[in-house]
Amino acid sequence: SKMVIIWAHNPASTSPHFMPLLREAQRNGAKIVVIDPRRSKTARSADLHIPIMPGTDAALALGMMNVIFSEGLHDEDWLEANTVGWRELRDRAAEYPVDRVASITGVGAETIQSLAREYATTKPAMLKIAPALNRHEHGGQTVRATCCLPAVAGQIGIRGGGLYEGTGSHLQ
């Protein structure tokens, strides 16, 4: 991976098996971004920590997709061939311009734009999430929105890209 976004997760404390791989990627030049309200141990060692207001992750994901779609950074051929409903997702994301997302999440508009652009244009980029993303009233929708990002950005099917949730037995 050339970029790893760790979203609502602190693998330094909860996924020690993952950390050697993350550190190797970082030594090899991968940019590590942590999106988390807390400045965790993982966030302290990242290249960029984005503190977000708790429970606003779906808005950030939709705002990032808005930037990716509106700037033509999405992989339309892949979306057309491999997904259902991407145009409806694009329309929904359009309801989340960066200024609105900034006011919801507490993340600056410039940060949202630059993160979305860098994520969509850095190949391969991996998104790592954990169950914490699901731990609120609308957690299922939050996970769905966040999991759409790799598909929209064209990161699926690229070695070192895509989505990584975990290796626990609950996924088997």
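Q: Which residue in β5 is the bridge partner of Met-126?
A: Gly-162 in β5 is the bridge partner of Met-126. This is a predicted model, with local features needing pLDDT of at least 70, side-chain atom pairs counting only at pLDDT 80 or more, and totals for chains, interfaces and linings using all residues. Residues are numbered from 1 along each chain as its sequence is written, and side-chain values use heavy atoms, leaving out hydrogens and water.

Q: How many bridges join β4 to β5?
A: 3 bridges join β4 to β5 (residues 162-164), and the two run parallel. Strands here are DSSP runs of E, at least two residues, and helices are runs of H or I, at least four, numbered from the N terminus. Strands pair if DSSP finds at least two bridges between them.

Q: And what about β1 with β4?
A: β1 (residues 3-7) pairs with β4 in the parallel sense over 5 bridges. Ile-5 stands opposite Leu-127 there.

Q: Switching to helices: how many residues of α4 are buried?
A: 13 of its 14. Gly-72, with a positive phi near 70 degrees, follows α4.

Q: Which residues of α4 meet α6?
A: Leu-62, Met-65, Asn-66 and Phe-69 do, with contact meaning heavy atoms within 4.5 Å. Their partners in α6 include Trp-86 and Leu-89.

Technical notes
Buried means under 20% relative accessible area, exposed over 50%, partly exposed in between (1.4 Å probe, protein chains only).
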